[in-house]
Amino acid sequence: MSHFVTIQTQIRDVSALEDACAELGVELLRDAEARGYANQTRHGELVVRLKGPYDIAANRESKTCESDNDGDNGTENPAPYTLTTDWWDGHVEKEVGPRYGRLLQLYGVHKTLREARRKRLRVTRRQETDGSIRLTLAA
Amino acid sequence: MKSNEHIEVQVSPEGAITITAHGYTGSTCEEATRFLEEELGTVGRRQRTRDWYRSNRNTTRNKNQNQNQNQNSNQRNQNT
């Protein structure tokens, strides 16, 4: 039996986000100010320091997500990070894609690589012509 | 994981993730990808692939054959 699952990516793992930033060639700062239009700044638990004039701030909701009580698993999923930036004039889009697409893609790739490594699975990575990245995990 | 079992993770340029499990039998299939699903984000859609329907098709086909046979015998009855 086979099945497939579609998932809406949520940023929860700072290390995986760091890997994604490294691949993009940008820096991830902790507890910093994100630069915006006209010298405005926004504080971020995490800040993606871009090469252009504006940055991306990442913050979590202060309340933790109440996860459904499955019974078998007592650990709560931490709240995901929400991204904020200044899209003016396409500076940010040029570096991370529309709606942070490229950043989210690389986060998903590096998060999968980390989880696969933890399970000691072999991974092959392939760049598809439509721009997607395909990872194959096997024993 | 057995030798023919593998998981494919496709990440679109928009950051949407599709996970497909191949070569698993029975309930091990959905267990196989759970460790990734929970870590990556919120699960949007879960769907069984062609492999799943292939293994279940035989039973439906037999049912159809039985129906056809019934129809044939009905026709024969009408003819006589």
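Author: What follows is an account of one helix, α3 of chain A, and of its surroundings in this predicted model.

Start with the side that faces the other chain. Helix α3 of chain A covers residues 101-118. It packs against helix α1 of chain B, residues 28-40, with the axes 10 Å apart and an angle of about 140° between them. Angles over 145 degrees would count as roughly antiparallel, and α3(A) and α1(B) are therefore oblique to each other. Their crossing is right-handed. On α3(A), the residues that make this contact are A:Gly108, A:Lys111, A:Thr112 and A:Glu115. On α1(B), they are B:Phe35, B:Leu36, B:Glu39 and B:Leu40. Sorted by class, this contact of α3(A) with α1(B) has three charged, two polar and three nonpolar residues.

Now turn to a neighbour within chain A. Helix α1 of chain A, residues 14-24, packs with α3(A) at an angle of about 125°, and the axes of these two helices are 8 Å apart. That makes α1(A) oblique to α3(A). Here too the crossing is right-handed. From α3(A), the residues that meet α1(A) are A:Leu103, A:Leu106, A:Tyr107, A:His110, A:Lys111 and A:Arg114. Their counterparts in α1(A) are A:Ser15, A:Ala16, A:Leu17, A:Asp19, A:Ala20, A:Glu23 and A:Leu24. By class, the contact of α1(A) with α3(A) has seven nonpolar, four charged and two polar residues. A:Lys111 is listed in the contact with α1(B) and again in the contact with α1(A).

The helix α1(A) leads on to a sheet. It lies across β2 and β3 (41-49) of chain A, and runs at about 85° to β2(A). These strands belong to an open sheet of four strands, in the order β2-β3-β4-β5 of chain A, paired antiparallel. At the edges are β2 (27-35) and β5 (81-85), each of which pairs on one side only. From one strand to the next, the twist averages 45°. Within this sheet, strand β4 of chain A, residues 56-60, is joined to β5(A) by five bridges in the antiparallel sense. A:Arg60 stands opposite A:Tyr81, a residue of β5(A).

Back to the boundary between the chains, where α3(A) is one of several contributors. The contact takes 41 residues from chain B and 31 residues from chain A. On the side of chain A that touches chain B, at least two residues each come from β1 (3-9), α3 and β7 (133-138). The largest share of that side is supplied by α3(A), with nine residues. By class, the side of chain A that touches chain B has 14 polar, eleven nonpolar and six charged residues.

The strand β7(A) also pairs across the boundary. Six bridges join it to strand β1 of chain B, residues 6-11, and the two strands run antiparallel. One bridge partner pair is A:Leu135 and, in β1(B), B:Val9.

Last, the partner chain itself. Chain B has three strands and two helices, arranged along the sequence in the pattern β-β-α-β-α. Of its 80 residues, 20% are buried.

Definitions and conventions. Residues numbered from 1 in each chain as written. Chains lettered and ligands numbered in written order. Predicted model: local features only at pLDDT ≥ 70, side-chain atom pairs only at ≥ 80, totals over all residues. Axes fitted to C-alpha atoms, helices over the stretch in contact; angles between N-to-C directions. Parallel < 35°, antiparallel > 145°, perpendicular 65-115°, else oblique. Left-handed = near helix turned anticlockwise from the far one by under 90°. Contact = placed C-beta atoms within 7 Å. Nonpolar A, V, L, I, M, F, W, Y, C, P; charged D, E, K, R; others polar. Pairing = 2+ DSSP bridges. Buried ≥ 20, exposed ≤ 12 C-beta atoms within 10 Å, placed from the backbone.
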